[in-house]
Amino acid sequence: VEVRGFLTDRLDMKAGRQRIAWGSADRFNPTDILNAYDLEDILDFGRKNASDALSLTWYFQGNTSLQGVLISRFRPANLPLGVFSGVLAADESALPDVPIGAYSEHVVLPERNFRESVSAGLRLKGFVLNTDVSVSYVYGRYSLPFLTQLWFTPGVSEQGMQLDAFLSFPRFHMMGADLAGQLGRVGIWAEAGVF
C-alpha cells in the first residue's frame, strides 16, 4: 500500500513488502543494508530481497526529506545454489592438527518478537551545491550468519572429536553518508558506512 499525502501533504507512507534502496553507488553499496542479500545467483552481485516494512517520508521545504523505515520481521539472506552452494560453507580442514570425526552447523535465528526481529533506519536526504547528499542510521541485523561459538567434544568417535559450529545474526549500528553529483561533465559519487 502506498499513500501520497498521508495525513498531510508533506508525508508519504508505504507499507508492505518493499525494496528499500539507500545509497548512490551502482553495485557496492555499504549503506544499502536494510534488505537482506539474495545470493542464490552469486554472480548477480548486489541483488536483494524485499522486506515487510513500513516507510514514512516527510518532505521539508526545497529538496530535503527525512525517511523512517521499520522492518517488522528478520529474514536471512538467500545462500548460493548449484555449483556455488558450498562457497560460503565452513571448511573444517582449517584446523589441520585437530582430528575431527564429526562436524555439524547450527544456525541460530533471532526470536520472533518485536525486540529481536525488528530493524529500523532513518535517512536525511537533500540537494546541496548541485549534489545529492544523504546521511543515514540503521539499527539492524547482519543478513549473513557469523560464527559465534565452536564446541569441541572429545571422544565421540574413533576418527576424532565432534565439532559443533553455531552461527547467528548479530545486531549492528551503522552510520552512513553518500553523495552523487558531477564535476564539469564527469559524474562522481561517494558512499561510506561505519558499523
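View 1. Tryptophan 58 sits in strand S3, residues 51-59. (Strands are DSSP runs of E with at least two residues, numbered from the N terminus.) This is a predicted model, with residues numbered from 1 along each chain as its sequence is written. Local features need pLDDT of at least 70, side-chain atom pairs count only at pLDDT 80 or more, totals for chains, interfaces and linings use all residues, and side-chain values use heavy atoms, with hydrogens and water left out. Tryptophan 58 counts as partly exposed because its relative accessible area is 32%; the cut-offs are under 20% for buried, over 50% for exposed, and partly exposed in between, with a 1.4 Å probe and protein chains only. Together with Phe60, Leu66, Leu122, Leu124 and Val135, Trp58 makes a nonpolar surface patch of about 490 Å². Patch members have over 30% relative accessible area and no salt bridge; nonpolar side chains (Val, Leu, Ile, Met, Phe, Trp, Tyr) are joined within 5 Å, like charges within 9 Å. Areas come from the Shrake-Rupley method with a 1.4 Å probe, and for residues only the protein chains shown count as cover.

**View 2. Arginine 17 and its partner aspartate 52.** Look for arginine 17 in strand S2, residues 11-18. Arginine 17 is exposed because its relative accessibility is 52%. Leaving out residues up to four places away in sequence, Arg17 touches Ala50, Ser51, Asp52, Arg73 and Arg75, where contact means heavy atoms within 4.5 Å. The side chains of aspartate 52 and arginine 17 meet in a salt bridge, 2.9 Å from N to O. That pair links distant parts of the chain, with aspartate 52 in strand S3 and arginine 17 in strand S2, 35 residues apart. (A salt bridge is a side-chain nitrogen of Lys or Arg within 4 Å of a carboxyl oxygen of Asp or Glu.) Side chains of opposite charge can pair when their charged atoms come close. Aspartate 52 is at 22% relative accessibility, so it counts as partly exposed.

View 3. By the same rule, the count comes to 6 salt bridges. In one of them, aspartate 32 pairs with arginine 19, the closest N and O atoms being 2.6 Å apart. Both aspartate 32 and arginine 19 are in the loop between S2 and S3, 13 residues apart. Aspartate 32 is buried because its relative accessible area is 6%, while arginine 19, at 35%, counts as partly exposed. Glutamate 2 pairs with arginine 4, with closest N and O atoms 3.0 Å apart, and a network of salt bridges links Glu2, Arg4 and Asp12. Glutamate 2 counts as partly exposed at 46% relative accessibility, and arginine 4 as exposed at 59%.

View 4. (A nonpolar core is a set of buried Ala, Val, Leu, Ile, Met, Phe, Trp, Tyr and Cys residues joined through side-chain atoms within 4.5 Å.) Zoom in on alanine 53, and its contacts beyond four places in sequence include Ile20, Val69 and Ile71.

**View 5. Asparagine 29 in its loop.** Asparagine 29 is found in the loop between S2 and S3. At 15% relative accessibility, asparagine 29 counts as buried. Its contacts are Trp22, Gly23, Ser24 and Glu191, not counting residues up to four places away in sequence.

Conventions: Helices (H or I, at least four residues) and strands (E, at least two) are DSSP runs, numbered from the N terminus.
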